[in-house]
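Have a look at the model first, then we'll go through it by topic.

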Amino acid sequence: MEYREVTIYTTTQGIEPLTLMLNDLGINGFVIEDAADFEEFITEVTPHWDYVDESLMSKRDAESNVKIYLPDNDQGVEQLAMVTEAVEKLKASGEDFGRLELVLNQVKDEDWANNWKRFFKPLKVGEKFLIKPSWEDCPDTEGRHVLEIDPGNAFGSGTHETTKLCIGLLEGVVKEGAEALDMGCGSGILAVAALLCGAQHVTAVDIDEAAVKTAGENMERNGFTAYTALCGNVLGDDALAASLGDAKYDVIAANIVADVLIAMTPLFDRWLKADGHLIVSGIIGSRAEDVRSALEAGGFTVCERRQDNDWVAYCLHR
């Protein structure tokens, strides 16, 4: 089915009366872009991030608006007429709700869920892996481990530099029968890679329930059932941190961000076996020394440093 995307441009003050009006018309689903909220996000939140996509920053001067999606049929035409009439009444109210202009765009339903898939193709990673999406056939694997992944809503398709760095390092340290921990598992791609390298069991942890669900699905998609998938924040949940055990893991992989890696240093020390390996990534180049210093102060020694563009990964041991 095709839809009309209707964008109604307004002001921060106009969002509430506009959405109330839409509710009165029986339109309960909409997307709100509030310029005031975005400005607060840019000035107060993003300075604490290691990386912010330039396309996000380019929206800094965006105009507040409300988007609705109407079916491209007779019902949608009727709804559009009602919305247009109601917006004209808001204009006539004399309140400063901005220009209240409607802009229409045609959208296909399948575009939202599937268009991104055409950019995700089979990819060679490291020396041993071929990563492929679940919807692609790849008859010639060149003897590589085939890692089939469907990222869903979770981070980790294998295309990002940090993921590739981690997989390349995992190849060298995961031994047959290893116990592995994927901290901040996202799609579970590193957990699957560890299992393909010979790990007997993987524990995957993420603060996002959708990621934990996706990780489990991806491990089973690749033929593995020897896993535990947990949801929660180990930095704020002592019971969860304790449930992961003491000196239990041969390998820990954590592809997160610098500040979280630094905060987790005592936990890595708690969970890792005496002769185990810790792989950390998600580190922008300017923070690499901060992470290294914190981990070394926590008792770890760097055995390998890798870099791809401005992203850095370390492999460390006790």
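A contact here means heavy atoms within 4.5 Å. With that cut-off, among contacts in the protein chain between residues at least 6 apart in sequence, 66% join residues at least 24 apart. Keep in mind that this is a predicted model: local features need pLDDT of at least 70, side-chain atom pairs count only at pLDDT 80 or more, and totals for chains, interfaces and linings use all residues. Residues are numbered from 1 along each chain as its sequence is written, and side-chain values use heavy atoms, with hydrogens and water left out.

**Overall make-up**
- The protein chain comes to twelve helices and 14 strands, taken as DSSP runs numbered from the N terminus (helices H or I, at least four residues; strands E, at least two).
- Of the 318 residues in the protein chain, 44% are buried, meaning under 20% relative accessible area with a 1.4 Å probe, protein chains only.

**Strand 1 and its partner**
- Strand 1 (residues 2-9) is mostly covered, with six of its eight residues buried.
- Strand 1 runs antiparallel to strand 3 (residues 65-71), and seven bridges join them; two strands count as paired if DSSP finds at least two bridges between them.
- Arg 4 has Leu 70 in strand 3 as its bridge partner.

- Seven strands make an open, mixed sheet in the order 10-9-8-11-12-14-13.
- Strand 10 (227-231) and strand 13 (301-308) are the edge strands, each pairing on one side only.
- From one strand to the next, the twist averages 15°; axes are lines fitted to C-alpha atoms, for helices over the stretch in contact, and angles run from 0 to 180 degrees between N-to-C directions.
- Strand 13 is joined to strand 14 (residues 311-317) by seven bridges, and the two run antiparallel.
- Gln 307 finds its bridge partner in strand 14 at Val 312.
- Helix 8 (residues 209-221) lies across strand 9 (201-206) and strand 10, at about 170° to strand 10.

**The cavity**
- There's one cavity of 30 Å³ or more, a cavity being a set of points on a 1 Å grid over the protein atoms alone where a 1.4 Å probe fits but cannot get out.
- The largest cavity holds about 40 Å³ of space, where a volume is the space filled by probe spheres set on the grid points, joined across faces, edges and corners.
- Its lining residues (an atom within 4 Å of a point) include Leu 170, Asp 182, Val 202 and Val 251.
- Strand 8 (179-183), helix 7 (189-196) and strand 11 (249-255) each give two or more residues to that lining.

How values were computed:
1 Å grid on protein atoms, 1.4 Å probe; cavity = no way out; pocket = protein on both sides within 12 Å on 5 of 7 lines; lining within 4 Å. Buried < 20%, exposed > 50% of the residue type's maximum accessible area, 1.4 Å probe, protein only.
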